[in-house]
Amino acid sequence: MTDVMKMAALGIVGAFFALLLKEEKPVFALAVGLLSAVGILLFSVPYLSAAMSFATQLYSTVGEEDACFRALCKVIGISLVCRIGSDVCKDAGQQALSSALTIAGRTLCIFLCLPQVSSVYQLLCVLIPGGS
């Protein structure tokens, strides 16, 4: 059985048990869901390790002074953390908190990209005659 099948099976079984417990013991349903999510993430650790190794190799090739690559890595990390946090909040029934976390993550990603947007704008002003 491949890892994807194991992860899918764990997710389905966890969702099934969480659904059974939701009416009687909502706290246990949330705990089952979170434990299932942790189990699925544990199955993905070898792949995450390979991805981190590739990213480290790419980072050493690109160099530390490449601000675009650093910003891209930060944006990817922020997006993943905010998405997981938002989904956990939704599962706990906290839709407003989930939305706030999503908005905060998007705002932070936009903030991190502003220097690159400014650089592109300045480059366009130089390349296009008569630009401001």
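Visitor: What percentage of the 132 residues in the chain do buried residues make up? Please then turn to arginine 83 and describe the salt bridge that it forms.

Guide: Buried residues account for 15% of the 132 residues in the chain; buried means under 20% relative accessible area, exposed means over 50%, and partly exposed lies in between, with a 1.4 Å probe and protein chains only. This is a predicted model, in which local features need pLDDT of at least 70 and side-chain atom pairs count only at pLDDT 80 or more, while totals for chains, interfaces and linings use all residues. Residues are numbered from 1 along each chain as its sequence is written, and side-chain values use heavy atoms, with hydrogens and water left out.

Let us begin with the setting. The chain contains five helices and zero strands, where helices (H or I, at least four residues) and strands (E, at least two) are DSSP runs numbered from the N terminus. The order of the elements from the N terminus is therefore written α-α-α-α-α. The radius of gyration of the chain is 21 Å, whereas a compact globule of 132 residues would have one near 14 Å; the radius is taken over C-alpha atoms, and the globule rule is 2.2 Å times the number of residues to the power 0.38. Along the principal axes, the C-alpha atoms fill a box of roughly 70 × 35 × 20 Å.

Next come the charges. The chain carries 8 positive and 8 negative side chains, and the centres of the two sets are 5 Å apart. Here Lys and Arg count as positive and Asp and Glu as negative, without His and the chain ends; each charge is placed at NZ of Lys, CZ of Arg, CG of Asp or CD of Glu.

The whole structure holds one salt bridge, that is, a side-chain nitrogen of Lys or Arg within 4 Å of a carboxyl oxygen of Asp or Glu. Its partners are arginine 83 and aspartate 87, whose closest N and O atoms are 3.4 Å apart. Both residues belong to helix α4 (residues 67-91), and because they are four residues apart there, about one helical turn separates them. Arginine 83 counts as exposed, with 57% relative accessibility, whereas aspartate 87, at 31%, counts as partly exposed.

Arginine 83 can also be placed relative to a residue elsewhere in the sequence. Threonine 102 is 19 residues away from arginine 83 along the chain, and the C-alpha atoms of the two are separated by 7.0 Å.
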